[in-house]
Amino acid sequence: MFTVNKNKIKMSPAEKAGLTAAYVVCILSGILTIIPFLYIVAGSFATEKELVERSFFIIPHTFSYNAYRYIVADGSIFRGLANSFLIMIAGTIINMAFTATLAYPLSKSWLKGRNLVLNMVIVTMLFSGGMIPNYLVVKNLGLLDSYLALMLPGAVNAFNLIIIKNFFQELPVELEEAAKIDGCSDLEIFLRIILPLSKPSLASVGLFYAVSHWNDFFNSLIYLNTTKKFPVQIILRQIVLLAQGASANGSSIDFGVGGTPPEQAVRMAATVVATIPILCVYPFVQKYFEQGVMVGAVKG
């Protein structure tokens, strides 16, 4: 026996049309987003002949693993992945520690000098010292060829700081007052009450920081000199340049079926290797992502 929900809200034809249009737009946007990535994945498994003859495809006619064999041939890609994970994890921890501890006091309207400090942070969103001053600061601090050069200069991002600050401001003040009555110090309130209640915002901002560290290429290229410290982005760049050089010189390395990997397939395989690991992080923070960003950005 079926029951009818009498409280169900009936939609007008205009509302139904609007909802349908919204679904269509979302579906088309999703398709337009995923198709280029599927082409990159398919192209990384294709042969040179197929990449030249077919302008676009999702499934290659002949599967070839030569591009991936070329990438992992000397084993440097695995060291680069390990370095990237280290930079991402350690850098995100530093970012979250500095950002959260600065955002919490700035969320208190009674704090003296709050507006001055906040305005100083906002100015950094509009103006930057530039590459040369940043390099000189890192050099004079003795951080060259160190992972700290990739973490400390950008320890606090102004946009992420404002998101967390706004989220802290929306938490009920009564919770802190009750904790103080129970004898909690400010540090205990921050660690045991504020942070657990701020998981959505912290997870979203942490994802922003993690993606930024993972995709960081330019800073690693400038500040790191030791090959063993290079992250995966630098290693993949070197592999792609070697593939281009081999293609230009006409040299070949036989990997079996399909012969030498094409230059274009190597670039696509490098894109896949650099993208897949960070994509695996999204499912773990997806449930916090929308709530954290929207709730933290409602009020100033």
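Visitor: What kind of crossing does α11 make as it passes α14?

Guide: In this predicted model, α11 passes α14 in a right-handed crossing. The residues that make the contact are Ala210, Val211 and Trp214 on the α11 side, together with Ala274, Pro277 and Ile278 on the α14 side.

Visitor: Why are α11 and α14 called roughly antiparallel to each other?

Guide: The axes of α11, residues 199-215, and α14, residues 263-279, cross at roughly 160° and come within 11 Å. Angles over 145 degrees count as roughly antiparallel, and therefore α11 and α14 are described in that way.

Visitor: What makes α4 roughly perpendicular to α10?

Guide: The axes of helix α4, residues 76-106, and helix α10, residues 186-197, cross at roughly 100° and come within 12 Å. Since angles of 65 to 115 degrees count as roughly perpendicular, that is the term used for α4 and α10. Here Ala100, Thr101 and Tyr104 in α4 meet Ile189, Phe190, Ile194 and Leu195 in α10, a contact whose residues divide into six nonpolar, one polar and no charged.

Visitor: What is the mean pLDDT of the chain, and where is the pLDDT below 50?

Guide: The chain has a mean pLDDT of 84, with 87% of its residues reaching 70 or more. Over residues 254-258, however, the pLDDT is below 50, and this stretch has eight contacts in the model beyond near neighbours in sequence. Residues 296-300 also have pLDDT under 50, with twelve contacts beyond four places in sequence.

Terms used
Residues are numbered from 1 along each chain as its sequence is written. This is a predicted model: local features need pLDDT of at least 70, side-chain atom pairs count only at pLDDT 80 or more; totals for chains, interfaces and linings use all residues. Side-chain values use heavy atoms; hydrogens and water are left out. Axes are lines fitted to C-alpha atoms, for helices over the stretch in contact, and angles run from 0 to 180 degrees between N-to-C directions. Helices (H or I, at least four residues) and strands (E, at least two) are DSSP runs, numbered from the N terminus. Angles under 35 degrees count as roughly parallel, over 145 as roughly antiparallel, 65 to 115 as roughly perpendicular and the rest as oblique. A crossing is left-handed if the near helix is turned anticlockwise from the far one by less than a right angle, and right-handed if clockwise. Contact means heavy atoms within 4.5 Å. Ala, Val, Leu, Ile, Met, Phe, Trp, Tyr, Cys and Pro count as nonpolar, Asp, Glu, Lys and Arg as charged, and the others, Gly among them, as polar. pLDDT is the predictor's confidence in each residue, from 0 to 100.
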